[in-house]
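Hello,

Here is the structure I promised to pass on to you. Have a look at it first, and then read my notes below.

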Amino acid sequence: MSTDEKTLTYLKRLTTDLRETRQRLREAEAKDHEPIAIVGMGCRYPGGVSSPESLWELVDSAGDGITGFPADRGWDLEALFDPDPDRAGTSYAREGGFLHDAAEFDAELFGISPREALAMDPQQRLLLETSWEALERAGIDPLSLRGSSTGVFAGLMYHDYASRLQVAPEEIEGFLGNGNAGSIFSGRIAYVFGFEGPAVTVDTACSSSLVSLHWACQALRAGECGMALAGGVTVMSTPSTFVEFSRQRGLASDGRCKSFADSADGTGWAEGAGVVVLERLSDARRLGHPVLAVVRGSAVNQDGASNGLTAPNGPSQQRVIRQALSSARLSASEVDVVEAHGTGTRLGDPIEAQALLATYGQARSENEPLWLGSVKSNIGHTQAAAGVAGLTKMVMALRAERLPRTLHVNEPSTQVDWTAGAVQLLGEARRWPKGERLRRAGVSSFGISGTNAHIIIEEAPEFELQPEPDVAEEPPSGQSLPVVPWVLSGRGERAVRAQAERLAGFLDTAEGVADCSAADVGYSLATSRAVLDHRAVVLGGDLEDLRSGVAELADGGASVVSGVVSDGRTGWMFTGQGSQRLGTGRELYGVFPVFAKALDEVCGFLDAELAGGSGFEHPVREVLFAAEGSAEAALLDRTGYAQSALFAVQVALVELLRSWGVGPDVVLGHSVGEFVAAYVAGVFELADAARLVAGRARLMQALPSGGAMAAVEGAEAEVAEILSGLPEGERATVAAVNGPTSVVVSGGEDVVERVMAVARERGRRVSRLRVSHAFHSPLMEPMLAEFAEIAASVAYRQPVLPAVSTVTGEPVGEEDWATADYWVDQVRRPVRFHDALETATGTQSVSRLLEVGPDPVLTALAKAASDVTVVSALRKGRPEAETVLGAVAEVFVRGAKIDWAAVFAGTGARRVDLPTYAFQRQRYWLEASRPVTDARGLGLGAAEHPMLGAAVTVAGSDAVLLTGRLSVSSHPWLADHAVAGSVLVPGTMFVELAVQAGERVGCERVEELTLQAPLVLPEQDALQVQLSIDSTGGTEEGRRAVRVYSRPEDAAAEEPWTLHATGTLISGGTVADWDLAVWPPAGAEQVPVEGLYERLAGGGLVYGPAFRGLREVWRHGEDLFVEAALPESLSGDAADFGLHPALLDSLLHALGVGDPGRRGSGAAVLVVGCVFVVVGGRCGRGTGAAVRGEVRRGRPADRRRYGCSGGRGGVAGIAAGVDRGSGHGELPASGQPVPPRLDPRSHPRPRSRSRRTRRIGCCLGRTRRRR
């Protein structure tokens, strides 16, 4: 090669390399700037905002989410507020933006125990729920991302939940660390959902959520994750931020942010949580996920050495805006609006406005200014969740094509030179329509630490969705599902019903039914919702049918297919000859192309094998689908066509089920059905299976007619004994064992008739079967040699699925289905179906059985012999599509795996927005211990009881005085006992106080306790409580009088006390033994408790979680046997009580179940004039958090006794005699005098029992552990 040629070759290679290098550089640069799609959002914000839609409704309607301080967090609200900004320890603002249900959480959904949930910072819990919702809104099953490279970037700034505790409750000590560590906030989400991308918790204070989003975008572009969740959360567990900013005079006195207004007077603190789901735009398009908007660019920087650590830095804000524009490759003129930080402070807002004027304002004109607003004017400053709140607002504004107005702007701030640029406040809402240019918005967040973030979002570009996975393939012939399945699931039955209620409500709205088909809803439920353990499938032909079914499910209707996943495997059973039915599969053939194709294929193989045989002039499918009454129809009952058609239908059903992702774990078959089972298990190819079945059917039909078969009631041994006792008994045999006492005999007609006669003489039922031949009998032997040749020509493999042989009744071994000899012997040997069924449901652990055949023949046998779920794929007289889908639904709700999305293949169904998961929340909030002065330091004794503070013995006597302080904040569980809107201290608390008083003075029993007046707790203030125990002087030895008083905490010294209860304490007496270890008691009938508390609430008796302890009730005659338990949040306190008042009150709720016609539920309405007679054993501490008891009605109260399970000591028995119940409309206000109508002195107690008096006895027994 010459030098010139070498040079030319080199230059060509160099040019190619340069082109490739430039291409790689362009690709790398494009990747670095690829837009990031926002595909899903979830949020919680003040004003009851629980979704992006409700946030938009709030801002679009100029709504205000600011409210008073929360009353359920243990804050001393009365002491906290003071209008003097210099008053230490107080806040001059008493309003803000709060999540009043921040303590509520669905721990069960996320597999978190109640104790761990209680220890978890509520911010973690909010992030879990909003992440779940954001994924569902993106059309993604939240559990489908397990093992994926999904990242989590969570903004957080508060860590005060656990820090409030002076002493950690013993039962949660092991959970507090993980429940409150900052790193766990993001790590917990990754753990629960199974994400394996980066998980980072970000704390840059108020800019945390936007910084998190910026880093998530960077990680996506760098390929560190394929999807990312980003956002932030804020819940203020203490009011310390209000107190601190009050000292700095940085709070708005009315709690409202007046962003950029001249009237701005400080920020308004708020709470919230927001999460967005992010993907690279190219991935979102490829996967068909909804693109709500795209992040074009973002930037983060720092204030650096500004004029103060927490003071904003205008130049830095300008720089971060320009950096974000550069990242987005946009000019400032291409952004229409900025969602500002806008906290409403006199220092921060002017600095931010000047930065916007110096950047965006210079590129706009007066006719087209940059519009400026802030969501903080609606909901307050949600701090670590603020940036994502603004982002969510702007994404929704893009969709609505409207910019909402910013509230509280009397006039723009005079501290800003608004003439310095074209920036204008959104004092009124404005249209923001789509146009030739894409609409864009900037979002700003600035942290108090100096970290600034700016994000630029853009409306989603128009593009065609890909057909997978969010749009099912269009049907080739315009066909649709004749019956549509809607799948719903939840962690519990209540969750499923609530999900159904949400869906029904959604469908009642115009939005719910607009441009939405039944298939769309079904497809969306199938593809974008997690499949959980409690399941239901609603089937219907159209939207109205399905909506009715969903409403019925919501109401607890039993007609909808529903169930709970159980352990065990799914088994398929294949029916034998006799179950064939004319027209089987005709409807499926016309609806499901997969079924039609499979039936055509298998019938083609069968016709080829049967061709030329005598009596097989018609194709199998023609006979199967023949008109009723025709000559061809009559052929179906002949053995050759019966077995062939049955095999064809079963194979087609198998292929249809497989196309839906349905498959067996174990297979078994009855007679010819065993060939289908072997085919499903992969033992032979379809052509070979058809050869075997067709050969078997043809040879059997060619045998001389004659012989008989009969079903005989009796055990196999008994029938064999009858046969052995007959002359020529060997000419007949046991042909099938279908059940413990269900046997079929087959053979010579005369012998079979004699067997039937003997069985009748023994009182057994018999039935002659309509058959053409005596199958599985000696009369089959003439065909065996020729069939053996056919069997030898087939290729066999070992089964790939567990299988049970109906020849041996045992699991299929290596020498069974994979050999020709087995199938030859199978013709002659008896069908041991019952043994096979026992093996399947026993050692093979099958708990769900699906019969694949024309009718439920084996289903009836299996139901009679086992307690597993058994369903049939088809049933005579029922629509086939509905029946097969119903059968699939039945096994699915009990644990079988189904690919429901595949059911919608070919329907053209598309994903639509649906209601998100109906969380079943409970309250989890650690109550901070109130700082208590050491009673001993005041010269008093410590009472050492949760309801009491100090104890003092009166000098010169043996009288004792016990004191305490009660309030909703110090004992929040009392707030769960509400009557007519007032917090009423339950009568059971007086019992507990009396028992503790008796324990202190050596009186083991409370002989009588009379409630004189109701004790109503105020919403915010506290009450002083005193228990006086009289001296023994002048009274019978061993008897002491006890009285319970209260008055407001701030009462003057001379203000009188209100007497609430009087009683008598006595010593001595024996303790009777009891035993409720046998549970439930023999002969007791369970009474449903569902709906009790809802009924009571309708009557004004509102019980919260603490008092909803009733678990189960059984009735035995007039007696009720009850189980009650404290919620996990209170269980740790149970040891400090004799018997926790909430637990005893819950026990008495059984009266409302046992006698639902009564108003109320026992002790809950015993306000005044109620006598508690306490008898039985000593009452010590630590009796447990759960109780089993017997409630006896209408008997003398003085002989009842009871105890408590799970405790160290016995609990006194209680009998409550109701002399007068108070109508809850008569309750006085807390601390007010008792009205005459309620004054016990105006209603003398009856001397004897009357119709208005009802005796209630309680007997509780300690549980003995079973060994």
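Let's start with tyrosine 10, which sits in helix H1 (residues 3-32); helices (H or I, at least four residues) and strands (E, at least two) are DSSP runs, numbered from the N terminus. Please keep in mind that this is a predicted model, where local features need pLDDT of at least 70, side-chain atom pairs count only at pLDDT 80 or more, and totals for chains, interfaces and linings use all residues. Residues are numbered from 1 along each chain as its sequence is written, and side-chain values use heavy atoms, with hydrogens and water left out.

Tyrosine 10 has a relative accessible area of 45%, so it counts as partly exposed (buried is under 20%, exposed over 50%, partly exposed in between; 1.4 Å probe, protein chains only).

Now to the inside. A nonpolar core is a set of buried Ala, Val, Leu, Ile, Met, Phe, Trp, Tyr and Cys residues joined through side-chain atoms within 4.5 Å. The largest one has 139 residues, and Trp486, Phe684 and Trp817 have the most contacts inside it. Helix H23 (residues 639-659) gives this core its largest share, twelve residues. Another core, of 65 residues, lies apart from it and includes Leu962 and Phe1137.

There is also an open sheet of four strands, in the order E21-E20-E26-E27, with parallel pairing (two strands pair if DSSP finds at least two bridges between them). Its edge strands are E21 (666-669) and E27 (869-872). Six bridges join strand E20 (residues 569-574) to strand E26 (residues 846-852), and tryptophan 572 stands opposite leucine 850 in E26.

Enjoy exploring!
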